[in-house]
Amino acid sequence: MFNTALRNSAPARPSSPRRSMLTRNQKPGWLVPAIGAAAVVVGAALAALLGFSVALWAVLAAVVFLIAAPIAVTAVEGRRNGADSLVTYLVYTAFVLAVIPLISVVWTVLANGLPGLTSNLLLTSMNGVTGATDNAAAAGESPVLGGAYHAIVGTVSITFWATLLSVPIGLLTAIYLVEYSKGGWLGRGITFFVDVMTGIPSIVAGLFAAALFGLLFGPSTRFGFVAAVALTVLMIPTVVKNTEEMLKIVPNELREAAYALGVRKWRTILKVVIPTAISGIASGVTLAIARVIGETAPLLVTAGFATAINWNAFSGWMTTLPTFIYYQIMTPTSPTSPDPSQQRAWAAALILILIVMLLNLVARLVARAFAPKTAGR
């Protein structure tokens with residue numbers, strides 16, 4: 001009992017915890033955020049000395065952070081972790097630098113395009129709209145009249161025909177290169193010309209289509225299908241390269257299993273290979289459409305420009321959203337009052353972005369619908 005009393009009366013150990021071996025030489029959680037806040041303050045001060053601007057402030061703050069944070073981590077955790085933190089922060093900085101222009105573009109288009117995105121813009125054309133109309137709108141005597149309905153119709157029609165032409169050609173070409181070529185001279189030649197076509201300027205594709213139809217139907221032949229052919233020339237290399245890469249990553253074991261069951265090669269490609277790669281193929285087609293839907297130069301020399309609605313891609317000039325934006329900016333309907341034309345141009349640019357987003361959504365839904373089912377789905 002005497003020993004028990006001594007133990008009970010012994011002074012208690014200090015309550016402050018000591019750093020264990022697991023937490024020793026580790027930076028506290030508040031260190032990096034504190035350095036970031038300090039970098040923002042120092043960057044603002046340096047930017048004020050050099051002539052303040054938001055872009056300069058952001059650049060200087062990022063430079064200060066990239067210098068100070070790795071030094072602080074090195075002092076606490078050692079040289080190895082300091083080097084790792086430097087690379088990590090460089091990756092984060094590169095990501096932010098890549099996202100900032102995208103956010104800036106989307107914000108600018110939304111801020112300038114939403115005020116002009118009205119029912120009048122979506123449901124009417126520029127037929128009958130004159131400079132006097134825009135002068136009255138600029139003076140506040142009437143709303144902004146005239147819309148981009150004819151340009152939306154032209155964009156959808158020309159892109160549809162270009163997709164209808166390019167996707168089967170590109171898909172079959174990629175299937176030949178992966179499944180049948182086996183490195184032959186024809187396959188190597190096709191690959192070479194596809195690579196060459198990937199880098200040709202878009203205006204060259206437009207001139208090719210214009211010259212081709214000029215030989216067939218006479219000079220100055222311009223209608224929607226000519227523009228679709230020009231866009232097809234630009235789309236085919238993208239479809240071929242993306243589809244080829246997707247088909248290459250399909251495991252050979254799937255093909256061999258089908259062959260072992262006696263399935264013919266064409267049926268194996270149709271039922272096994274393509275469904276397995278359909279997600280990447282759909283993404284490649286969407287990428288090809290997004291690549292050409294905003295083209296302006298080839299459409300100016302192949303489809304012309306019209307102010308009225310034209311539903312027939314095989315007769316008459318057609319207007320697309322890119323050419324509509326170009327003419328509204330470069331040649332306003334009223335040179336003395338360009339604001340209504342600029343409003344239409346920004347709204348048309350917003351519509352173009354929304355169409356591309358819708359295409360991406362459709363591609364994802366198609367890929368999910370046709371992707372091979374797994375046990376978890």
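Q: Which helices each supply at least two residues of the lining of the largest pocket?
A: Three do it: helix 2 (31-50), helix 3 (54-77) and helix 4 (79-113). Helices are DSSP runs of H or I, at least four residues long, numbered from the N terminus (strands are E, at least two). This is a predicted model, where local features need pLDDT of at least 70, side-chain atom pairs need 80 or more, and totals for chains, interfaces and linings use all residues. Residues count from 1 along each chain as its sequence is written, and side-chain values use heavy atoms, without hydrogens or water.

Q: Which helix has the largest share of that lining?
A: Helix 3, with 9 residues.

Q: What counts as a pocket here?
A: On a 1 Å grid over the protein atoms alone, it is an open set of points with protein on both sides within 12 Å along at least five of seven lines. Lining residues have an atom within 4 Å of a point.

Q: And how much space lies in the largest pocket?
A: About 480 Å³. Volume means the space filled by probe spheres set on the points, which are joined across faces, edges and corners.

Q: At what angle do helix 2 and helix 3 pack?
A: At about 140 degrees, with the axes 7 Å apart. Axes are fitted to C-alpha atoms over the stretch in contact, and angles run from 0 to 180 degrees between N-to-C directions. Helix 2 and helix 3 are therefore oblique to each other. Under 35 degrees would be roughly parallel, over 145 roughly antiparallel, 65 to 115 roughly perpendicular; the rest is oblique.

Q: Next topic. What volume has the second largest pocket?
A: About 380 Å³. It is lined by 16 residues, and Val-167, Ile-281, Ala-282, Val-285 and Val-366 are the closest to its centre.

Q: Which helices each supply at least two residues there, in the second largest pocket?
A: Helix 7 (149-180), helix 10 (224-248), helix 12 (265-292) and helix 15 (339-370). The largest share, 7 residues, is from helix 12. By class, the lining of the second largest pocket has 13 nonpolar, 3 polar and no charged residues.

Q: How far apart are the axes of helix 7 and helix 12?
A: 11 Å, at an angle of about 130 degrees. That makes helix 7 oblique to helix 12. Helix 7 passes helix 12 in a right-handed crossing.

Q: What about helix 9 and helix 10: what angle?
A: About 135 degrees, with axes 8 Å apart; helix 9 is residues 202-217. Helix 9 and helix 10 are therefore oblique. Their crossing is right-handed as well.

Q: How many cavities of 30 Å³ or more does a search of the whole structure find?
A: The search finds 1. A cavity is a set of grid points where a 1.4 Å probe fits but cannot get out. The space in the largest cavity is about 40 Å³.

Q: Which residues line the largest cavity?
A: Thr-155, Ile-158, Thr-159, Leu-231, Val-292, Ile-293, Leu-299, Thr-320 and Pro-322. Helix 7 gives the most, with 3 residues. The lining of the largest cavity divides into 6 nonpolar, 3 polar and no charged residues.

Q: Which residues does the UniProt domain annotation cover?
A: The unreviewed entry puts "domain: ABC transmembrane type-1" at residues 152-363. In the model, that span is 75% helix and 0% strand, and its end C-alpha atoms lie 20 Å apart. UniProt positions follow the numbering used here, feature names are shortened, and annotations may be inferred rather than shown by experiment.

Q: Where does UniProt place "transmembrane region"?
A: The unreviewed entry lists several stretches, including 56-77 and 158-178. Residues 56-77 are 100% helix, with end C-alpha atoms 32 Å apart. Residues 158-178 are 100% helix, with end C-alpha atoms 30 Å apart.

Definitions and conventions: Nonpolar A, V, L, I, M, F, W, Y, C, P; charged D, E, K, R; others polar. Left-handed = near helix turned anticlockwise from the far one by under 90°.
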